[in-house]
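Trainee: Hi! Could you walk me through the charged pairs in this one?
Mentor: Happy to, let's bring it up.

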Amino acid sequence: MKPTIGRIVHYTLSQQDADAINKRRADFQAFRSNFSGPSDPGHAGADGHVAHIGNHAAEGDVYAAVVVRVFHPETTTANLQVLLDGNDTYWATSRVEGEGPSYWAWPERV
């Protein structure tokens, strides 16, 4: 099977992916703890930040991902929006089909 835009696949996080996700979430928590302005949207001084909140990500975690771009029909290289266990996503670029961290795979049908 070849990946096409909009298909759902499974993506396995690498340590680098997990570190980037956890850093983004930690950065938001640090900002939130130091921000003294109003946080309700539409009020003067509201920060406009998008919260990155979710459970800790670790190497080897597998998440659903949406194929958002395929580079060549004959390859399995694609960009993915990984649907994390939280309110955010992770953009995994130029990932290929395979097994293990940094790879995507077709979901098993049961």
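This is a predicted model: local features need pLDDT of at least 70, side-chain atom pairs count only at pLDDT 80 or more; totals for chains, interfaces and linings use all residues.

Trainee: Okay, which residue does D17 meet in a salt bridge?
Mentor: D17 pairs with R95, at 3.4 Å from N to O. That pair links distant parts of the chain: D17 sits in helix α1 (residues 15-34) and R95 in strand β4 (residues 89-95), 78 residues apart.

Trainee: Is D17 buried or exposed, then?
Mentor: D17 counts as buried because its relative accessibility is 2%, below the 20% cut-off. R95 is buried as well, with a relative accessible area of 15%.

Trainee: Switching topic, what does R25 pair with?
Mentor: R25 forms a salt bridge with D88, at 2.7 Å from N to O. Here too distant parts of the chain are linked, since R25 is in helix α1 and D88 is in the loop between β3 (78-83) and β4, 63 residues apart.

Trainee: Are those two buried or exposed?
Mentor: Both R25 and D88 are buried.

Trainee: What about D27, which partner does that one have?
Mentor: D27 bridges to K23, with the closest N and O atoms 2.8 Å apart. Both lie in helix α1, 4 residues apart, which is about one turn of the helix.

Trainee: And how accessible is D27?
Mentor: D27 is partly exposed, at a relative accessible area of 41%.

Key:
Residues are numbered from 1 along each chain as its sequence is written. Side-chain values use heavy atoms; hydrogens and water are left out. A salt bridge is a side-chain nitrogen of Lys or Arg within 4 Å of a carboxyl oxygen of Asp or Glu. Helices (H or I, at least four residues) and strands (E, at least two) are DSSP runs, numbered from the N terminus. Buried means under 20% relative accessible area, exposed over 50%, partly exposed in between (1.4 Å probe, protein chains only).
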